[in-house]
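Please read them with the structure open.

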Amino acid sequence: MDTLDIVKILGTGIAGFGFLLMYLAYKLIASLVILPKVNAAILKMINRYMVVCFIMTVTVGVFTFMSTSYKNDVISNQEAVIKSKDTVLNILTTSQKNKLAADSVSKAVDNQTIAEVQSRQNGYLDTLQMFIENQHNPTQRERFNRYKNSLSTIADSLTMTNVDHKRRQFLKERYVTVNDSITTLSLKVVDNQLSAIKK
């Protein structure tokens with residue numbers, strides 16, 4: 001063949017093979033056109049050969065389109081699953097950090113430590129709130145906001161200077177209990193996310 005690289009053409013797969021067959025048919029016809037008298041049987045055979053090449057090329061095109069569409073669907077489904085699993089992992093990680101911060105508040109002995117830990121914990125709570133709001137579940141969102149506000153109120157009470165020891169211990173226990181409710185709610189969000197992945 002003049003300037004065509006057969007290996008590269010065949011390297012493209014069945015579509016390249018179909019193109020090569022049609023090109024050969026073209027070369028056959030071009031070589032017959034210059035002859036003064038051509039056998040009708042030869043022209044009929046070339047005609048059939050071209051029809052077979054055309055059908056094969058169309059069939060390959062249809063199957064290529066179908067397989068590409070299927071692969072794109074699979075890839076987009078896998079992207080959604082990966083994103084959901086990533087969200088689950090982020091929720092669990094943030095929830096664990098939030099729980100550790102709450103434990104630090106319960107063990108803190110001075111107001112400054114409580115205030116510092118509470119400030120750090122607010123960042124974790126904001127992240128959890130973002131994940132919960134993305135679930136579009138008004139009940140969970142309302143419960144989370146209630147728990148978050150309770151934590152803030154308890155933390156404000158803990159940082160007051162006129163709180164006696166017994167009251168401080170009660171507030172710390174209450175703080176941990178409310179925070180455990182946030183952890184439980186976060187785990188429910190994770191369960192919902194995992195259920196959506198399995199569908």
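1. In helix H2, the residues Gly16, Gly18, Leu20, Leu21, Tyr23, Ala25 and Leu32 are buried. Buried is under 20% relative accessible area, exposed is over 50%, and partly exposed lies in between (1.4 Å probe, protein chains only). Helices are DSSP runs of H or I with at least four residues, numbered from the N terminus. The cover over these buried H2 residues includes helix H1 (6-11) and H3.

2. This is a predicted model, where local features need pLDDT of at least 70, side-chain atom pairs count only at pLDDT 80 or more, and totals for chains, interfaces and linings use all residues. Residues are numbered from 1 along each chain as its sequence is written, and side-chain values use heavy atoms, without hydrogens and water.

3. Mean pLDDT (the predictor's confidence in each residue, from 0 to 100) is 84 for the protein, with 98% of residues at 70 or more. Confidence is lowest in H2, at a mean of 79, and highest in H5, at 89.

4. H2 spans residues 14-33, 20 residues in total. From first C-alpha to last, H2 reaches 29 Å, close to the expected 28 Å; the expected span is 1.5 Å times one less than the number of residues.

5. His136 sits in the loop between helix H4 (111-133) and helix H5 (138-158). Its phi is near 55 degrees, a positive value in a residue other than glycine. His136 counts as exposed because its relative accessibility is 63%.

6. Ile55 belongs to helix H3, which covers residues 40-107.

Technical notes: Helix = DSSP H or I, 4+ residues; strand = E, 2+ residues; numbered from the N terminus. Contact = heavy atoms within 4.5 Å.
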